[in-house]
Amino acid sequence: MSKKKTGHQFGKVGVLFGGRSAEREVSIMSGNGVLKALKSHGVDAHLFDTRERSLAELAAEKFDRVFIALHGRYGEDGTLQGALEQLGIPYTGPGVMASAIGMDKVMTKRIWQSMGLPTPRFIVLDSHSATREELRQVPDVLGLPLMLKAPHEGSTIGISKVVGYSDMSEGFALCAKFDEKVLAEEFVAGRELTVPVLGAGRRARTLPIVEIRAPEGNYDYQHKYFTDDTKYLCPAPLDEALTQRIQALAVQAFNALGCEGWARVDFMLRSSDNEPYLLEINTSPGMTSHSLVPMAAKADGVSYEDLCVEILKSASLDLKPSADWKPD
């Protein structure tokens, strides 16, 4: 790949990073990694912190396209995508609707359920009005252990494993700090897997499956980004038939939400019968030194730098401007 030719074809590129979500620290690491990678291919790339600078400044930069390296709210949830549609700036990753749905674990699971795709059973609780009696009944329905999650957060922020009735109140209170709703989800005992997906529709393809083995099964924020205690196996040690089944399911989950560009689909593979269950989708995955999409790409013979360029190539708009439309 010619670095000079690659860089010139993109024009001026913005790398949107930082932002206002609870995942700002991770986004800063992702953005700096992406910037360095794009520059290594001769791309005229520039960092743009969406917390520190306004949409007016974004418009004034006259970017030809942007690479979204933001994670969580205000960057991964469709709000920024909508602004970029208004500004007519092509961007990486899924569009407005797919980003908004993918950021909402409850809506994601409801759509997957409606499509007949396997996802753990769940109950949605209101952070403000759920009663003590309602909390007590959740383990009766879902069994123990179970998981409590903040539906609009990523990077395992606001997540708790409930092993007894007495843990419900504390776990619920933690989730309620981050979200208006609390997702109570059936616990699936087994192996944790993730599958990156690139492309769109019939052209969507998967990268090798990554298996995550965290200390005591605790793949929390610290173990994701800041320690080397977690072990990653890529490609995951699975037989060919099961590998193909999980990868096909990842593409189905990706397309069910209308995703395009790239995303990462997380699974649990139940130990008792090797049945895969969809947990969530990440529509703007991490691109740090510990991140899983670059890891899978490397196992497929694709460098971090080339992966960034491939993702940048896919930048687009949901609503294609008419032939006579011109930005201000």
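So, the sheet: 3 strands, open, in the order β2-β1-β3, with parallel pairing (two strands pair if DSSP finds at least two bridges between them; strands are DSSP runs of E, at least two residues, helices are runs of H or I, at least four, and both are numbered from the N terminus). β2 (44-49) and β3 (65-68) are the edges, each with a single partner strand, so one side of each has no neighbour in the sheet. On average, neighbouring strands are turned by 30 degrees against each other, direction ignored.

Quick caveat: this is a predicted model, where local features need pLDDT of at least 70 and side-chain atom pairs count only at pLDDT 80 or more, while totals for chains, interfaces and linings use all residues. Residues are numbered from 1 along each chain as its sequence is written, and side-chain values use heavy atoms, leaving out hydrogens and water.

Back to the strands: β1 (residues 12-17) pairs with β2 over 6 bridges, and K12 stands opposite D44 in β2.

α2 (residues 24-40) lies across β1, β2 and β3, at about 160 degrees to β1 (axes are lines fitted to C-alpha atoms, for helices over the stretch in contact, with angles from 0 to 180 degrees between N-to-C directions; contact means heavy atoms within 4.5 Å).
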